[in-house]
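This report describes selected features of one protein structure.

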Amino acid sequence: METDVGDVVVVGGGVMGLATAWELVRRGLRPIVLERFARGHHEGASHGATRNFNNAYDQDHYLDLLVRARAGWDALGEVGGEPLLRLHGLVTHGDVDIAAVQQGLDARGIPSAVLSSAEAGARWPGMRVDGDVLWSQDAGVVRAAEALRELERRIVIGGGEVRWSCPVAHIGQDPDGAVLALADGTRMRVDTVVVTAGAWTSTLLARLGLPPLTVTEETPAHFRPRTDAVWPSFNHYVDPAAYPATVYGMPTPGEGVKVGFHGVGDAVDPDARPHVPTHQTGLADYVREWMPGLDAATAVPISCTYTSTDDGTFVLDRRGRVVVGAGFSGHGFKFAPGVGGVLADLVLDPTARAAEAFRLP
């Protein structure tokens, strides 16, 4: 027996699904969000206290999405007396074209400045840099856990619903709508389904023609500062002969400074994730060399998943009754309100299109 549940169901209650449902509520719909795990779980990619609000992009499709996301974060306002964005700034340095990044930011009125290594060293003595850096004032971190709670609150107030511990086993579609089979045997029919299921996307949408999505377990770590010095967020494009990948990081009050290699984890089955830290010796070596303001012996690893396309580009598109947001490749959280807006556009208008780079072939 099928139950007709109306306009739209969102499968996946991480930040992308919640941001999409909030945007749909803002436009007058009453979406139902179905999340396979309980509220506050650590099995996906949205948990934890902070995510980098990194604006150091030079591609138009990301910069335009960033502008839209920034407006969305502002619209969410303050939570607990503090904005969801902590704009303590971002330092980008190393083997990267900072002039190209600055040009893209300038074109959108986003402030930035180039500082010499001496200027950067004097301002942030806990970090070592080699060469000029790009300082982006309008960057920092997203208060991730608070963002999830606030998005859920807005959805419910607006007449939507979030159902936790409600896994979906199968998604199909026919000319009359989408049909969802839940793990408990329930069947739901809906006009349109949005799938933002992270590591479980390929399993649910095996026939949609998605690009390959690789799920990895990533393990950055928090390190204890040696002093009370102020820390920015940071991107360091390192020498690949010395370290395996770009290093990113940010201060997380109460936990230390998060430092991680971007996208170096082992491929995993998301239903059998080992939760085993990797690359910790190399990470401590990096901190010892480049972060004198941190104690390299104090690492507390964190486990999360990346679900990545081969080139790290997001998938935002519609096929029939199915709208999909996938492949956020470890750099999506900051974009969530913008992604939610794009996916809501695709729900409400079957002729709408995301930026060309994000479309399915």
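## Cysteines

Cys 166 has a relative accessibility of 13%, so the residue counts as buried, the cut-off for buried being under 20%. Cys 304 also falls under that cut-off, because its relative accessible area is 11%. The model, which is predicted, holds zero disulfides. A disulfide is a covalent bond between the sulfur atoms of two cysteines.

## Aromatic pairs

A search of the whole structure finds 14 aromatic pairs. One of them joins Tyr 62 and Phe 358 in an edge-to-face arrangement, with 5.5 Å from centre to centre and 65° between the planes. This pair links distant parts of the chain, since the two residues are 296 residues apart. Tyr 62 belongs to helix α2 (residues 60-76), while Phe 358 lies in the segment after α8 (336-348). Both Tyr 62 and Phe 358 are buried.

Another edge-to-face pair is made by Phe 314 and Phe 335, at 5.5 Å centre to centre and with 75° between the planes. Phe 314 is in the loop between β24 (304-308) and β25 (315-319), and Phe 335 is in the loop between β26 (322-326) and α8. The two are 21 residues apart, and this pair too links distant parts of the chain. Phe 314 counts as buried because its relative accessibility is 1%. Phe 335 is buried as well, with a relative accessible area of 0%.

How much space lies in the second largest pocket? The volume is about 250 Å³. Two elements, β13 (168-174) and α6 (201-204), each supply at least two residues of the lining. The largest share, five residues, comes from β13.

The lining of this pocket includes Ala 169, His 170, Ile 171, Gly 172 and Gln 173. Thr 203, Leu 204, Leu 205, Ala 206, Arg 207 and Leu 208 also line the pocket, as does Val 322. By type, the lining residues divide into seven nonpolar, four polar and one charged.

How values were computed:
Residues are numbered from 1 along each chain as its sequence is written. This is a predicted model: local features need pLDDT of at least 70, side-chain atom pairs count only at pLDDT 80 or more; totals for chains, interfaces and linings use all residues. Side-chain values use heavy atoms; hydrogens and water are left out. On a 1 Å grid over the protein atoms alone, a cavity is a set of points where a 1.4 Å probe fits but cannot get out, and a pocket is an open set with protein on both sides within 12 Å along at least five of seven lines; lining residues have an atom within 4 Å of a point. Grid points are joined across faces, edges and corners, and a volume is the space filled by probe spheres set on the points. Helices (H or I, at least four residues) and strands (E, at least two) are DSSP runs, numbered from the N terminus. Ala, Val, Leu, Ile, Met, Phe, Trp, Tyr, Cys and Pro count as nonpolar, Asp, Glu, Lys and Arg as charged, and the others, Gly among them, as polar. Rings of Phe, Tyr and Trp (its six-membered ring) pair if their centres lie within 6.5 Å; planes under 30 degrees apart count as stacked, over 60 as edge-to-face and the rest as tilted. Buried means under 20% relative accessible area, exposed over 50%, partly exposed in between (1.4 Å probe, protein chains only). A disulfide is a pair of cysteine sulfur atoms within 2.5 Å.
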